[in-house]
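Hello,

Here is the structure for you to look through. My notes on what turned up follow below it.

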Amino acid sequence: MTGHKVPLILATLAALLCSVATAPARDRACGSREPINTLAELWPALYACWSPPAGTEGKELTLTFSVRRDGTLIGKPRATYSKLQGGNDLDRAFVASVLQALDKTLPLPITESLGGVIAGRPMALRFAVPVGPEL
């Protein structure tokens with residue numbers, strides 16, 4: 001491996017391990033089996049099936065999890081941050097919407113090359129409903 005490739009690989013892995021993705025604008029259909037080849041394609045695929053319930057403005061949940069090379073989940077997602085009000089019906093509906101979205105999305109249709117990069121690495125996804133009008 002040449003010296004100039006090592007910093008690029010390390011930077012990519014650091015970004016993957018330390019990033020917390022936030023729900024982007026939807027540009028992928030829920031359940032699409034189109035192959036995912038890059039990290040930029042990965043995040044929209046993970047959020048494509050999420051539709052937060054009405055009345056959950058201001059709620060947030062960050063899940064950390066890992067996938068195998070074939071896009072299947074390793075273990076169970078772990079909540080690493082939440083901004084919920086303490087177990088009311090809207091909180092439960094919000095959490096359920098996040099888990100249902102992941103259930104519909106996984107396994108991810110990732111390419112062999114992306115699978116080699118992300119396999120076993122923790123990914124953190126932030127599901128948040130903004131307060132007020134979206135920009």
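Buried here means under 20% relative accessible area. Keep in mind that this is a predicted model.

Start with E2, residues 60–67. Eight of its eight residues are buried, so the strand is largely enclosed by the rest of the structure. Glu60, Thr62, Thr64 and Ser66 point one way from E2. Leu61, Leu63, Phe65 and Val67 point the other way.

E2 has two pairing partners to look at. With E3 (residues 73–83) the pairing is antiparallel, over seven bridges. Thr64 stands opposite Arg78 there. Five residues separate E2 and E3 in a hairpin, and Gly71 in the turn has a positive phi of about 90°. With E4 the pairing is also antiparallel, over six bridges. Phe65 has Met123 of E4 as its bridge partner.

Next, the loop between H2 and E2. Thr56 sits in that loop. Is Thr56 buried or exposed? Thr56 is buried, at a relative accessible area of 0%. Leaving out residues up to four places away in sequence, Thr56 touches Leu90, Phe94 and Val129.

Now the largest nonpolar core. It holds 25 residues, and Leu42, Leu46, Leu108 and Leu125 touch the most other members. The elements that give two or more residues are H2, E2, H3, H4 and E4. H2 supplies the largest share, five residues.

One last contact list. With residues up to four places away in sequence set aside, Leu108 touches Arg33, Ile36, Leu42, Leu46, Val67, Asp70 and Gly71.

Best wishes

How values were computed:
Residues are numbered from 1 along each chain as its sequence is written. This is a predicted model: local features need pLDDT of at least 70, side-chain atom pairs count only at pLDDT 80 or more; totals for chains, interfaces and linings use all residues. Side-chain values use heavy atoms; hydrogens and water are left out. A nonpolar core is a set of buried Ala, Val, Leu, Ile, Met, Phe, Trp, Tyr and Cys residues joined through side-chain atoms within 4.5 Å. Buried means under 20% relative accessible area, exposed over 50%, partly exposed in between (1.4 Å probe, protein chains only). Helices (H or I, at least four residues) and strands (E, at least two) are DSSP runs, numbered from the N terminus. Contact means heavy atoms within 4.5 Å. Two strands pair if DSSP finds at least two bridges between them.
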